[in-house]
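Reader: I have the chain open on my screen. Walk me through a few spots, please, and keep it brisk.

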Amino acid sequence: MSAAATRRLTTAQALVRFLAAQYTERDGVRRRLIAGTWGIFGHGNVAGLGQALVEYREAMPYHQGRNEQAMVHAAVGHARHLNRLSAQAVTTSIGPGATNLVTGAALATINRLPVLLLPGDYFASHAADPLLQQLEHPVEADVSVNDALRPVSRYFDRITRPEALLASALNAVRVLADPAETGAVTLALPQDVQAQAYDWPEEFFADRVWRVRRPAPDPAELAEAVRAIRAAARPLIVAGGGVHHSEAEAALKALVDATGIPVASTQAGKGALRHDHPADLGGIGHTGTAVSDALARTADLVIGVGTRYSDFTTASGTLFQHPGVRFLNLNITAFDAHKLAAATLVCDARSGLAALTDALVGYRVDAAYQTEYRTGKARWEEAVEGAFRAEDDSAVPSQTQVLGALDTVVGDEDVVINAAGSLPGDLHKLWRARSPRQYHLEYGYSCMGYEIPAALGVQQAAPDTPVWALVGDGTYLMNPTEIVTAVQENLPVKLVLVQNHGYASIGGLSESVGAERFGTDYRHRVADGSFTGAPLPVDLAANAASLGMDVLRAKTVRELREALSTARAATRPTCVYVETAPSGAALPAEAWWDVPVAEVSAREAAAQARAAYERAVADRRRHL
């Protein structure tokens, strides 16, 4: 019998060849699982993975990043836009390059989005010990800084021998491709092992297809769900990101058209129905619409589809107030399906929604209920128009008028990306999502600095799609460096840079909890130690231009509209810079959010905030 065929490669070379041969397949559509690799090179990966990526550059596209955290954000944006069916890898050196991955890894895992992290690590042989940037632990010699990635990874391994990669690489891609398990996956790669050669079995490099399952609901669970819906007088669907990940938007529409059940959406689920569908009520929870939150308070059955029920969605446990309210959760992950003591449908969102539609033939909500929510939707649309409208085109725009101007410019295919600050609240309430992929809000981790790199990842996933990154000045200062990568790779992302001189969202929150907006302004410090002087002489537009973007400055509503139109047609990275008029929230929050207030304080503002807090927290319910 002849020996099995082998190929002699370094560990890094074998990993790159292996990753290039992995595919996902769902509904007969096949995609590369690892579409490319982001990297910043240092002594921990330049001679291993760096050399391998050069050797196999035709098999594995490479993208040069400027910040390790930002590279993960870019990969996450790519994966989300492609419904988790394709991911990207990220390689870094050891030490600070590796620890800079932690925030991005947490974001990916919290949002259930796949990314493969390949940080360098210490010498497995301990031949050079300690080496540059190595953490020394006095009693645990196998600990490195990469162990900080363990709690934020869905799978973690340190590859201390070349042959260990055979099992670990398969486990890594299994987790990446599994919709119920996916998140950040980390393979820590000691720099000496990366360069070691091994005789790899040829089967390791064969094309491998990971079929993404659509598990159907259990018949008993389905029957119980149907009974619960038929018994409900005021059911409400809460659509989460799982609707999009499953590509279940058409199935949701079919169920809603057949039954008349209205739909409210989380930040991740917005766009599950088009904004102009009569049953689409917009966002729900602390940043939700008046009509969504009013129905949530009186719903007797809440049907969660692909949502993990964050505190913004539940208004910190105060939103769902019907005395007999019950929950029915359809989720591919049992962990999420069981939340709020719900009846469960543990299955794929599209499969489960289709099964419910078939089983609910003849069921429809009462006509009076439909009239009620449609009337509420119409009233809310009037509020949106008022927030978007500018009475004077020559005036400085408010933040909501910036969104109104963008609303007039975008097409159905455009993607709007945001993550943190005051914009998520305004967008969740006001944005009119025209397509399933248009509204791209990262609000699981709400990470400042996500927007610009994520726009690069989305642009790579959809090269012909206009992609907009909406950022405030605080977010921009966190992470603008990937602008250079956009210029380098000629990715025509559009940046809308809103200058409001500080942390507008946290400033408002600070005021509401008795912290008096302390430390939330970008202003000069004055004699009493407060930050209430003139705005700092910082020119963020000039900064964006210095990094290679074309920059359009808009001072009025009219100029803003013209600049946005120009940016949309641009074929290279373009920034629209606008300074907004100071104003409070255009539309107040319709539901509470729990931020504990100082129980005792000598300051009157804090004492008043505590009294308001105690009134609000009294409405919290434990759904058991």
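Reader: In which loop does Gln133 lie?
Author: This is a predicted model. Gln133 has a positive phi of about 75° although it is not a glycine. Pro130 is found in that loop too, the one that holds Gln133. A cis peptide bond joins Asp129 and Pro130, with omega about 0°. The loop of Gln133 is the one between E7 and E8.

Reader: Does Gln133 count as buried, partly exposed or exposed, and why?
Author: Buried means under 20% relative accessible area, and exposed means over 50%. Gln133 has 34% relative accessibility. That value lies between the cut-offs, so Gln133 counts as partly exposed.

Reader: What does Asn490 count as, and why?
Author: Asn490 lies in the loop between helix H20 (482–488) and strand E21 (494–499). Asn490 has a positive phi of about 55° although it is not a glycine. Its relative accessibility is 48%, so Asn490 counts as partly exposed.

Reader: Which strands are the edges of the six-stranded open sheet?
Author: The order is E14-E13-E12-E15-E16-E17, and the pairing is parallel. An edge strand here pairs on one side only. The twist averages 20° from one strand to the next. The edge strands are E14 (280–283) and E17.

Reader: Which residue in E17 is the bridge partner of Asn331?
Author: E16 and E17 pair in the parallel sense over four bridges. In E17, the partner of Asn331 is Val346.

Reader: What angle does the direction of H14 make with that of E16?
Author: H14 packs on the sheet and touches E15, E16 and E17. The buried residues of H14 include Leu353 and Leu356. Those buried residues also pack against helices, among them H8 (219–231) and H10 (249–259). With the direction of E16, that of H14 makes about 125°.

Reader: Which element supplies the largest share of the lining of the largest cavity?
Author: The count is seven cavities of 30 Å³ or more. About 570 Å³ of space lies in the largest cavity. Its lining has 38 residues, with Gly241, Gly242, Ala268, Gly306 and Arg308 nearest the centre. H9, H12 (311–314) and E16 each supply at least two lining residues, and the largest share, four residues, comes from H9.

Technical notes
Residues are numbered from 1 along each chain as its sequence is written. This is a predicted model: local features need pLDDT of at least 70, side-chain atom pairs count only at pLDDT 80 or more; totals for chains, interfaces and linings use all residues. Side-chain values use heavy atoms; hydrogens and water are left out. Buried means under 20% relative accessible area, exposed over 50%, partly exposed in between (1.4 Å probe, protein chains only). Contact means heavy atoms within 4.5 Å. Two strands pair if DSSP finds at least two bridges between them. Axes are lines fitted to C-alpha atoms, for helices over the stretch in contact, and angles run from 0 to 180 degrees between N-to-C directions. On a 1 Å grid over the protein atoms alone, a cavity is a set of points where a 1.4 Å probe fits but cannot get out, and a pocket is an open set with protein on both sides within 12 Å along at least five of seven lines; lining residues have an atom within 4 Å of a point. Grid points are joined across faces, edges and corners, and a volume is the space filled by probe spheres set on the points.
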